[in-house]
Amino acid sequence: MTPSTAPSTAPDDNTGTAVHDDGLAGFLDVRPQLFGIAYRMLGSVADAEDVVQDAWIRWQNADRRGVQNPAAFLTTTTTRLAINAATSARARRESYVGQWLPEPVDTAADPLLGAERDEALELAVLLLLEKLNPVERAAYVLHEAFGYPYRRIAEILETSEPNARQLARRARLRLTSERTATAPAPVQRRLLEAFVAAARGGRVDELEQLFAEDAVSYSDGGGKVYASRRDIVGRDRVVNFLDNVIRKYWSRSTFEIADVNGGEALVVRDPADEPIALLSTDGSDAGIEKLLVILNPDKLERFRR
């Protein structure tokens, strides 16, 4: 998104001459954070860019002379817009064909997406965030990813500080209860490398050893390519599903480990080097607990060469 509104002008107090005062510099300074908030809230690059664009328009239409803290104004505006967008997005996803998964982003350029830490960025976490209501999601994202104090979160959400604290706590407990303690990054990397080796060699027995007994696979084809419309539960069923897909559709494909959502994921490319799938794993000491298979071509655009 590039702000396209024409710059406004205002007289210089000293000279009386017109100078540019479009607020662009202040907006660009905080734009990565605005996008980072909106993306974590919505799990969609396009929706996040729309929210940031709307925030830019509101910034253009605001009386900026009365704004003492542009970053605070823009963050508040973006968060509230994202809450509204999350509500409408939930309604749209009820008619989504099959399982909806968050859109992956290439984080090689910006590993934190404007945040102080990479919290609430992994695809598995973004999927769990969908189970929270938009206000809980906002409180969690602002506190856990961006380090906002509860007093400031309360101002943004127009609530009390104790309630802001309770919203974030409730969200954190919900996510913790639904997610097994994840393995450290080096272990996740080894799991992914072993997965690639087993997949390339068609070694089903080795694939089985990588998954936890109660592993779950989610697939998102968006109605544009074939994908399982139901969760696949259980190690044997997940491995059987993978074996079939690899033999039937990916036998001539290449597998590439890429920097995705602050971690590592597997991009599957066809013989023409086009991305046809992205596989993200969420592992624990028991093995791979969740496998997210993104097949919707619209969500793979950013992984084209």
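Is Val 216 buried or exposed? Val 216 is buried, with a relative accessible area of 16%, because buried means under 20% relative accessible area, exposed over 50%, and partly exposed in between, using a 1.4 Å probe and protein chains only.

Before going on, a word on the model. It is a predicted one, where local features need pLDDT of at least 70 and side-chain atom pairs count only at pLDDT 80 or more, while totals for chains, interfaces and linings use all residues. Residues are numbered from 1 along each chain as its sequence is written, and side-chain values use heavy atoms, with hydrogens and water left out.

Back to Val 216, which is found in strand 3, residues 211-220. Helices (H or I, at least four residues) and strands (E, at least two) are DSSP runs, numbered from the N terminus. Leaving aside neighbours within four places in sequence, Val 216 is in contact (heavy atoms within 4.5 Å) with residues including Asp 231, Val 238 and Lys 290. Lys 290 is 74 residues away along the chain, yet the two C-alpha atoms are separated by 5.0 Å.

Next, the cores. A nonpolar core is a set of buried Ala, Val, Leu, Ile, Met, Phe, Trp, Tyr and Cys residues joined through side-chain atoms within 4.5 Å. The largest has 65 residues, and Tyr 39 and Leu 157 are among those with the most contacts inside it. Helix 1, residues 24-42, gives the most to this core, with 9 residues. Apart from it lies another core of 28 residues, among them Leu 191 and Val 239.

Leu 191 is also one of the buried residues of helix 8, together with Phe 195 and others. Helix 8 covers residues 185-201, and its 17 residues reach 24 Å from first C-alpha to last, close to the 24 Å expected at 1.5 Å a residue. The expected span is 1.5 Å times one less than the number of residues. Just after helix 8, Gly 202 takes a positive phi of about 65°.

What about helix 3, residues 70-93? Its 24 residues should span 34 Å at 1.5 Å a residue, and the end C-alpha atoms are 33 Å apart, which agrees. At its start, a side-chain oxygen of Asn 69 reaches to within 3.2 Å of the backbone nitrogen of Ala 71.

Last, Leu 157 again. Not counting residues up to four places away in sequence, Leu 157 touches Thr 79, Ile 83, Val 135, Ala 138, Ala 139 and Leu 167.

Note on methods: A polar contact is a pair of N or O atoms within 3.5 Å; within protein, one must be able to donate a hydrogen and the other to accept it, and residues adjacent in sequence count only if both atoms are side-chain atoms.
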